[in-house]
Structure formats: structure tokens, C-alpha cells
Amino acid sequence: DAVRFVLLLNGLALSSDSTQYFMNRMNNLMEKSYIPTKQDVLRSRKATTNIVELTLNINRVPFTFVDVGGQRSQRRKWLQCFEGVTSVLFLVSSCAYDQVLLEDNKTNRIVESCQIFDTIINNKFFVKVAIILFFNKTDILIDKIPRVSIKEYFPKFSRDPKNVDDVKQFLINMFENVSHDQERGVYHHFTTATDTENIKFVFDAVREMILQENMAILMLQ
């Protein structure tokens, strides 16, 4: 109970987002007959320390995903992944507005993500590349909003800090406003990675958008 209190007090800021989930299942995890459930697997975390490439055939269309590490130490490796990119899926931890980086223990995670997004969306290599924003961990965001005011960390927030839609719109505006080309469309989705139906729905929409974007580019060539 003491550990739970500390995690709640810190808004889970110093722990994995799945810590509370696994603590609630501690008795199950200790059983000799324990077999991981689908949710157990989905909530497991492992930091990306290398560039990971995976090709999947989805409805007979090959999609190659390249996962690059988000940690500062991994960013110098990104340049080698840029050639031939047709779309960038940029993931933001939407619930991290009250959290800081593990690397320096002072930089706000949302601010850091926005600065990285700035360098990507305004990069000349990505002028004709579809940029898709995934605001992930929406379930944790919704749970956190009534307990932790975003206004304490972002004083410029002027709407209702307990209103989920207001907080979401603030995050969207924050990232879209860094684009030097305000007429450029930026696709965005709020997702919950542990909700497989939500991810399936979002990815189907993204897949169709990517195909349409690529067809449009081919028509212009």
C-alpha cells in the first residue's frame, strides 16, 4: 500500500505506465501456474536500444516499419533511416504532461517530444512525406486529467483543465503550431496501444491514408 501511495502521489511519473497494472496482478504473477494474458504481453515494456525493422503484408500490400529509439542516445542513428521513407508515425505519450525525462530529470516530456517533432516536420527530407501524430496512452490521460492539472505544467493552457476534449485540443495545437507550413496537413489520432480494437481501427484508417498519399505522389510523377 505504501508503494501504491507513492506512485499515486507522483502521478506514476517515476515508474512505467504499466507498474500499477502489474501490481494489481501481483498475486496472479506469483502463481506457479501463471501464464501471461494478452493484456500482460501488451503492457510489457522494453526500451528500443537499436533500429528495429519489420515488414508486414497487410491485405497483400507490404508495409515496412522502422522503429528508432526515442531516447536521446539513440537519435544520432535516425539519419540512416530517412532514405525512402513514405510516412512518419510520430508517437507522443499524451499523458506525460507532468513527467520529466529520465536523462536529465528536468525537461518536460511533452516539451521534448514537441521539439523533436519540430525538427522532423520542418526537415527538408520530409516535405512530401505524410506525417501522422499518434497521441498514445489516451486511457491514462483520461484517468490523470481529473487528478493532475495540466495548467500547473503549462501555464498558457486557458481552457478547462478537467475537460478531456480541451486538453486533447491543447496538445494537438501545441504540435501542429511548430510547423513552418501551416497549410500542410498533419494527421492525428488519439490511441490506446493496449486496446487492440482501437489500434486496429486507427491503423486501418492510417493505412488507407498512406496508400492514397502514395498514389497521389505517383500520379504527379
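Student: Which residue lies over the face of Phe 190?
Tutor: Lys 168 does, at 4.9 Å from the ring centre. A charge counts as over a ring if NZ of Lys or CZ of Arg is within 6 Å of the ring centre and within 35 degrees of the ring normal. This is a predicted model: local features need pLDDT of at least 70, side-chain atom pairs count only at pLDDT 80 or more, and totals for chains, interfaces and linings use all residues. Residues are numbered from 1 along each chain as its sequence is written, and side-chain values use heavy atoms, with hydrogens and water left out.

Student: What lies over the face of Tyr 97?
Tutor: Lys 144, at 5.7 Å from the ring centre.

Student: Now pairs. How many aromatic pairs are there in the whole structure?
Tutor: The search finds eight. Rings of Phe, Tyr and Trp (its six-membered ring) pair if their centres lie within 6.5 Å; planes under 30 degrees apart count as stacked, over 60 as edge-to-face and the rest as tilted. Phe 135 and Phe 190 have ring centres 4.8 Å apart and planes at 20°, so they are stacked.

Student: Where do Phe 135 and Phe 190 lie?
Tutor: Phe 135 is in strand S4 (residues 130-136) and Phe 190 in strand S5 (residues 187-190), so the pair ties together parts 55 residues apart in sequence. Strands (E, at least two residues) are DSSP runs, numbered from the N terminus.

Student: Is Phe 135 buried or exposed?
Tutor: Buried, with a relative accessible area of 0%. Buried means under 20% relative accessible area, exposed over 50%, partly exposed in between (1.4 Å probe, protein chains only). Phe 190 is also buried, at 17%.

Student: Which residues form the aromatic cluster?
Tutor: Phe 90, Phe 117, Phe 135, Phe 175 and Phe 190.

How values were computed: Helices (H or I, at least four residues) and strands (E, at least two) are DSSP runs, numbered from the N terminus.
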